[in-house]
Amino acid sequence: MVFKDRGQREKGYDHRMKYEVRQRKDFRRIQKAVQQPQQAEPVEGKNNLETLRLTLPPSAMNAILAAQNEQPQVYESDSPLSFRHASGQSHSRSPEKYSTEQTSEEDAEVQTDERKHPVKRKKKKHKHKHKHKKLKRHQRSDSPDCLPDMKYAKVPVGAVFLDDIDGLKPEHAFHIDREKNKDLLRYQSVSTRHIARYKSFFRSCLGASHLMLDKKESSKNKKGLDFARYFGKIGMRQICSKGTALEIERTNQMSDLDFVPLPKLSKQSLSQNESESLSYSCLDEATSLYVHGKGIDHKSHADLTVTAEQDFIMDEIFEKVRSFNQRTQDEPQNVALWLEFVAFQDIVAQREKVGAGGLSQTASLGELYRPTKSVIDKKLAILDKALESNPSSLELKLARLELYQDVWETEKLEKAWEALLFVHAGKVDLWQEYLARQQGSSLQGFSVSRAVKRYHKCFKTLTAIMDGQVKVIHEDSHMEEKMIGLFSQYCNFLHLSGYTERAVATFQALIEFNLHCPSSLNLSSTVDRAGQFEQFWDSSVPRFGEEGARGWAKWAEQKSKGDEQQVSFVDVSLEEQEDAIILEQLPRSETWVKMEKLRGSSHFLPWRPDTSKGETEDSAEDPERLVLSEDICPTLFRLTKSESCVRIICLFLKFLGLSSASLNERIQFWNQETGGLKFEQYAEISVSNYLQFSDCSLAKNLGTVSAVSPFNQHLLVVVNNILRQAESYFSLSNRTFFTLLRLDVEILKHGAKTVSEIPSAGIKAVKKFGKSLLKESQNRNNLILWNAYIRLLWVCSDNIAETVSMVETAMAMFMGPHNSSDPEKKYGVSCLCLTYCQILLNFEPLEHIESSLRCSSPSQDDRQQAMCCLSALMENKVYKPGLSTEISPAYILKIRSLFQRCITDVSRKSNLMRSNSCEFFCVLTDCSALFEFCSSNLTSANAVYESARLNILKLEQNDSDLHGICSIIRKNMYLHQLSFITNVMHIAIIPLATVREVINNGLNQFPNSSKLHTAFIKLEERSHIAGRLRQFYNSALRNATSLTVPFFAVISEVLRHEKINAANSSLQSIAASSSECNDTGIVHRLRSLFETVLGLSVSSHSPLFWRLYLNFEFKFGTVSKAKGILYRALQSCPWAKCIFIDGISLFGDIELQEMMDLMTEEEIRLRVPLEEVDLLRTAEKVESDNENTVKEEPGSENEIDESEYKETA
């Protein structure tokens, strides 16, 4: 039988109060019946219930027992095993438990007579008219049984199973419950025992007596025990409510106290509950003292303080976990929230390790940040629950695969990746993530050939999707731009593995495949075009960037006419330089490293057979230098946009080592737009990319390995060829961009990184080259190029008057109403006016400010001339220098409104989509700021920049399509404002807080701007306090999305360390002073910072940071630790040949053979076999021995001849 549970039984007992009146009336009636004379007299003057039981009916007997025990029970006439509550509900009970004695046969006869002759009751009038209807509702009989033949079975004591009850049929083993149970719907449980409950001994919250956990009901309305749930609405609303804020009065007497006292509350201000809680509270001693505003002895209660802090931290964590649970339940479709919840588990684990004392003082930071198995299980459980609500989320699937990387085996993980790529084959980001993980998996499971096959498979799949041969559901919107990023990642992988010739050939092939494709193949598919391209590549004619390169289309046209081009290839000879290295007689490891670097920096172009000399492909000394069509054709794909062609050429220039500010900014913007910043760590990032810090001692040790030096003459020739060929292909702004890069390359030829570093002998050559560019037909009216040349003269020339006269001549030629309709001319004229006004106000170019002395403040006449020039620009008039005119306040207001109108017009969507729109907007803002500075002050000029940024921000919020261009403009606004304020600091005195405010606001919005980081470090390194730097970078590293923030965080500490070492060396040179600065703290901090940076996901596989850490530990640490870092670096970056070479350079012959074996096993390219070095060293040693022997032999022969002559004589 299935009985009701205990909670339902207790509910039936609570209804007896409603029928108390009826029970009392029955009891009076029974008392009258007992006093009748025909009934038996009680024994010994007492009421004997046993004698009354023989004459009274069962209903009367039950009433007497109920009156004595106050538990009314009514025997039913149908079955002796059932009883009925006063409420009318029937329950089955065992007779041993709920009957006083077993009924006899006489009782049965009495019950039968009672049914035949029921007792008549005297009716009374009721006060309430319809109260009898309510009583009838409770006195209704049960509904008929579901089965007519069903009989009640007698349940023996201790019955557990159905077999223990005799006469019970299986179809009758049920109970009909006619009362609803809401718990079944809410908690999905049959029994209330399955519902969690808790028992509270206090109705008030500890420490806050006014917060009641549950309301105390009166005994009249109380229906029974009502347990509160853990997460009930009333309880949680009371517990989570904010407490009363306490205001502490700070006085001078607080400095003498060891604690912060709380305000003492009088008993009058306290409520009754609060006063009772203070007097009758179960608080410990420390908490009671704290409530009364008294302090404790910190020495005796040190452990208590630590425990309180840990409890506070854990309470905060529990509150965040509760918030995450609630938010994920309310927003199950929010993928970012689920990922944030997963990342929060690391913070919880770190707090538990530190708070529980599980991390010793000698433990490394890796143990703190390394996730345990329990944390991984929690993350997987959260991700599984998130995928139930978001089954198609790619971000969640990637996060789960990242966790399974440490749990699953390699084969199982590979199958999971293949299944995911099969579903999302059109997602380029997913392919990049997969290839990057395979590339940096581990040292044991890596090989170059296996990684190259995966890249080729990826290109084959994505090319078919781009051509439309394969239809996919999920396809990227910017697939072409992302394919270029994937292509650049592949070429950087080849270069870092030692296959530089193949990487350069791959760039050349893709550019020829798209820029110089024959017109007859424009509509053909990628496969058909690649088949025709193989003939061009196998012909060994000069390719893009080489001398005499005409392009694929010209070659195809000449071939159709039967005129074949004569092929010639001039290889670089290194015999003399290699002989010089051998003659130095260096150790074996140093000799190999020098020869390997020499060949890597010289042999970067793929080798081609010289047909004029009768060479063939078999004539190659090094077969790896010969790149065949099978190596480059799988990576070819079609480009449909002109901007994509510009991008691939810029990436090629950066790959070759060209470092230019404009080039780096454009590439960084492209990476940020397509989300390629997180894959930046897999490319070679050299310190030379950050020109301001490439001279630090730690960076000087990192020479580029198998890469081209920025001052290599062979490289500069190739770069010049690329720029000239690209300049002839493009037009307008893109052609101007490549022309300006030619000017930067000319500066690099003279061994300088900036214009101010050019030696005096090279200034004349640079000026001559600039004039030659302006004399070209396509550049004569190019005002942007004119402005660049004038700024070059401004830095190089000592005669400012010559520069000013040249600017005035250019403005007289191009200013006026005839150029107002052309946006390109308008932009060029604005640049010339800005340069002219900056020269008049004694400003300096930003890259030249640090090397120049402080300038004098401009005179009032110079300010008037600058305002006249800017006014003529806004009114489209010709500016006539030297005319002194007074400017009225009304005229200033007019020019100010013209500036605002012009800036608003440029910031429209139609104008922002044009070329040079970003630069034009920034130049106009600079001109408006200069006008405000001359007419008013610096505050008004800063307000112009702030207003321009707000306008662009509103435009970006209203139109999401302009997010990229608006982001660039806002970042450039900060850079231009910083340049403006820095120039004002050289002619006037302004507080540093103004500069700090601009830098901090810019870094908060654009943390990946290298120029803002540079200015920040240069500003803060003036003082010996590094508090601001460390505070900023400690918080910025947590949200780093590229290598910029980790790099500058490390560089800031490296520069501080060098500063301390320089101070120590100067003190030692003066005298043996005992006040030497100790750099131990900086060394430990740098080591901790390296560990933190290498633990980030954006920089854990960066060869640059591993090389910096390795050289730092070798120089300032121990050799054993440095060797451990070397093998950790090889595990994280097994493709980076530069790390292998650094290990050989630092540890010498000890690690030479081990590194050579590892490189051979991983299939990394070796240009100089170790056996060749041994043969050359042996041959040189033999030659030197022979020379010494030859020098000694002539002397000995002369001695023998003299002795023989004496003997014969």
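**Helices, salt bridges and charged patches in a predicted model**

R437 and E433 both lie in helix α18 (residues 428–439), four residues apart, about one turn of the helix. Helices here are DSSP runs of H or I with at least four residues, strands are runs of E with at least two, and both are numbered from the N terminus. An α-helix has 3.6 residues a turn, so residues three or four places apart point the same way. The model is predicted: local features need pLDDT of at least 70, side-chain atom pairs count only at pLDDT 80 or more, and totals for chains, interfaces and linings use all residues. Residues are numbered from 1 along each chain as its sequence is written, and side-chain values use heavy atoms, with hydrogens and water left out.

The side chains of R437 and E433 form a salt bridge, 2.9 Å from N to O. A salt bridge is a side-chain nitrogen of Lys or Arg within 4 Å of a carboxyl oxygen of Asp or Glu. The structure holds 37 of these salt bridges. R437 is buried, at 19% relative accessible area. E433 is also buried, at 15%. Buried means under 20% relative accessible area, exposed means over 50%, and partly exposed lies in between (1.4 Å probe, protein chains only).

Another salt bridge pairs D622 with R1165, whose closest N and O atoms are 2.7 Å apart. D622 lies in the loop between α25 and α26 (629–632), and R1165 in the loop between α50 (1152–1161) and α51, so the pair ties together parts 543 residues apart in sequence. D622 is partly exposed at 21%, whereas R1165 is buried at 2%. Salt bridges with shared partners join E501, D622, R1165 and R1167 into one network.

E584 and K594 also form a salt bridge, with 3.2 Å between the closest N and O atoms. E584 sits in the loop between α24 and α25, and K594 in helix α25, ten residues apart. Both count as partly exposed, E584 at 41% and K594 at 38%. Helix α25 (residues 588–602) also holds R588. The C-alpha atoms of R588 and R1177 are 8.5 Å apart in space, while the two residues are 589 apart in sequence.

Charge also gathers on the surface. E575, E576, D579, E621, E1183 and E1187 form a patch of negative charge. Two or more of its residues come from each of α24 (575–583) and α51 (1170–1208). Helix α24 gives the most, with three residues. D579 is in α24 and is partly exposed at 45%. A patch of positive charge consists of K764, K768, K771 and K775. K764 belongs to helix α32 (residues 760–775) and is exposed at 68%. Patch residues have over 30% relative accessible area and no salt bridge; like charges are joined within 9 Å, and nonpolar side chains (Val, Leu, Ile, Met, Phe, Trp, Tyr) within 5 Å.

In α20, 17 of 18 residues are buried. In α39, 17 of 19 residues are buried, so this helix is largely enclosed by the rest of the structure. The expected span is 1.5 Å times one less than the number of residues. For α39 (residues 917–935), both values are 27 Å.

Most residues other than glycine have a negative phi. L732, in helix α31 (residues 732–749), has a positive phi near 55°. N842 has a positive phi near 60°.

Terms used
Accessible areas come from the Shrake-Rupley method with a 1.4 Å probe; for residues, only the protein chains shown count as cover. Lys and Arg count as positive and Asp and Glu as negative; His and the chain ends are not counted. The place of a charge is taken as NZ of Lys, CZ of Arg, CG of Asp or CD of Glu.
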